[in-house]
Amino acid sequence: MCSPHRATCSVLVIFLLLHSATSFYLPGLAPVSFCEPGQAGKENEVPDCKSTIEIFVNRLDSVESVLPYEYTAFDFCAIDSEKRPSENLGQVLFGERIEPSPYKFEFKKKVDCKPVCTKSYNTNKPEDKAHLDFLKKGMLLNYQHHWIVDNMPVTWCYDVEDGQKFCNPGFPIGCYVTEAGRPKDACVVNSDFNDKDTFYVFNHVDITIHYHVVENEAAGARLVAAKMEPKSYKHTKVEAPDCTGGPMYLNNKFSGELKIGYTYSVQFVEDKHIRWASRWDYILESMPHTNIQWFSIMNSLVIVLFLSGMVAMIMLRTLHKDIARYNQMDSVEDAQEEFGWKLVHGDVFRPPRKGMLLSVFLGSGTQIFIMIFVTLFFACLGFLSPANRGALMTCAVVLWVLLGTPAGYVAARFYKSFGGEKWKTNVLLTCFLCPGVVFADFFVMNLILWGEGSSAAMPFGTLVAILALWFCISVPLTFIGAYFGFKKTGIEHPVRTNQIPRQIPEQSFYTRSLPGIVMGGILPFGCIFIQLFFILNSIWSHQMYYMFGFLFLVFIILVITCSEATILLCYFHLCAEDYHWQWRSFLTSGFTAVYFLVYAIHYFFSKLQITGLASTILYFGYTMIMALIFFLFTGR
């Protein structure tokens, strides 16, 4: 379709990808209309609209711990009668546990200091003391609530430096003032939080719902923002609170009886400027990373242009001239005077050592490459946005399961071209080697999460379902792909391989395997390290990631950079008469994963405040999984 106007189509595609990073239209999500009580369902009024607004609560997490916990683990106000919303596979893998809450109110009905529940504790009772200690631990580690209204996060917006406003899709359960009198985390927002070695509980929330009335349609109003401000009140009358007085404090050495009353207030504000389709913009605009993203893109493009120029120079000048001269030779004596890569033409297609393992890595890398490409493409179209919770991970897992056929086919084709005959071993290793390592690591991490009682621990039924997907769908598809790969005629090489291997001369330092592999991963990593920072922030600092247009472009640039860097270094090594290029070409770009691992270690010590042995083990356990996947993807 784009062949007559390829340049115009390319520019259009790039524009659409970049536009998706900011426009945030969400296909497949229908708006919900709200109206005042008594109007719902009336004729000539507002049909198909809701009057009750419900708040759903998600799991609580912290930047100081990798362990998320369910809402009920902290003994907050909860209801047990209502059914929890169903969660997809991606939400379960990320530890999301959405459940209904007792925070419910009517549309456009103002609420002032309404009590929700009262929690009573007696430190002389072991169960109450355990609940209170766990609550204090949550405040000490700055655990954050995550509330949801109309599939939209309830945000806590506050001023930061340079007069800017930051909207956080979470708010703390409380804060702590140290024994030295230094307020930690959210305690800095209130000067009344000044007692030493004391916890302050945010037991009250002021909720502000912004809505937009749809004109020229009988559709009622649509919610476009939900903001809140956490507060702390020590209610003098817990049964009839008035939200006045000092903060709700809890001394670290407190003993005896304690009552914590939870309350909330609600007000509604009409907003005529924000449309429903752009209601996430105020959250995303408080993360001003666009300039940095453009810098990352330009930096990557410079690297690509440099490598492209080098490859073009080699192809158009050196190779073209050498091949032309080689074709004009009149005698064998002239050929004997040649040197460099032309001398190894009879050995360049010699099967590599450990060809079985290399073919398995190539098959698994192909599977991961296609999975990432398709996932990012759908993300650019808006189908895998943050509003579709868990959709990104669900899409990736389903694609990986369904892409067993390309993995088996590629592994079989390469193994056959290497002269291998143990096709059963090849297929089994393709099915189980790399996925088995990932699953074993993941299972060990899951055992730690089970032991810690975290909500991120995968239920046994989900674990069985993933194994069923792997064994019942992915493995048979891999066998089918391998069948067609072995059945097809082997790859024909343009020259015949010599029977006696040529002796490789002594190599200089720069043409040896290890220095070349180490240098080969630098340029691809330079293309992605800025984007990598935002991805790690999204995973470990619980920040929202939405710039899939930029990420897709960086992905394309990374693929080009890995390919060109590998071509360059392979050419230099062949010129040094070293014909062992297969493993070297895989490891040259695959070594980018080692730089990724080093950067993740640096990120852990310089950017995160993670404490505890379990959280540290979980961080590096999951990082090893990401490094292995990245190694297979870039090496391929």
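Which residues in helix 13 meet which residues in helix 16? From helix 13, I listed Ile522, Pro524, Phe525, Ile528, Phe529, Leu532, Phe533, Leu536, Asn537 and Trp540, and they meet Thr592, Tyr595, Phe596, Tyr599 and Tyr603 in helix 16. Contact here means heavy atoms within 4.5 Å. The residues of this contact divide into 13 nonpolar, two polar and no charged. The classes put Ala, Val, Leu, Ile, Met, Phe, Trp, Tyr, Cys and Pro under nonpolar, Asp, Glu, Lys and Arg under charged, and the others, Gly among them, under polar.

A note on sources: this is a predicted model, in which local features need pLDDT of at least 70 and side-chain atom pairs count only at pLDDT 80 or more, while totals for chains, interfaces and linings use all residues. Residues are numbered from 1 along each chain as its sequence is written, and side-chain values use heavy atoms, with hydrogens and water left out.

Next I looked up the geometry. Helix 13 (residues 522–540) packs with helix 16 (residues 592–606) at about 40°, the axes 10 Å apart. Axes are lines fitted to C-alpha atoms, for helices over the stretch in contact, and angles run from 0 to 180 degrees between N-to-C directions. Helices (H or I, at least four residues) and strands (E, at least two) are DSSP runs, numbered from the N terminus. The two helices are therefore oblique to each other (under 35 degrees is roughly parallel, over 145 roughly antiparallel, 65 to 115 roughly perpendicular, the rest oblique).

I then turned to another helix pair. Helix 14 (residues 548–575) and helix 17 (residues 613–635) pack at about 60°, with their axes 10 Å apart. That makes helix 14 oblique to helix 17. Phe555, Leu558, Val559 and Cys562 of helix 14 make the contact with Phe630, Phe633 and Thr634 of helix 17.

My last stop was the disulfides (cysteine sulfur atoms within 2.5 Å). The count comes to five. Cys77 and Cys117 form one, with their sulfur atoms 1.8 Å apart. The link of Cys77 and Cys117 is left-handed, with -80° about the S-S bond. This pair links distant parts of the chain, 40 residues apart: Cys77 sits in the loop between strand 3 (65–69) and helix 2 (89–93), and Cys117 in strand 5 (residues 111–122).
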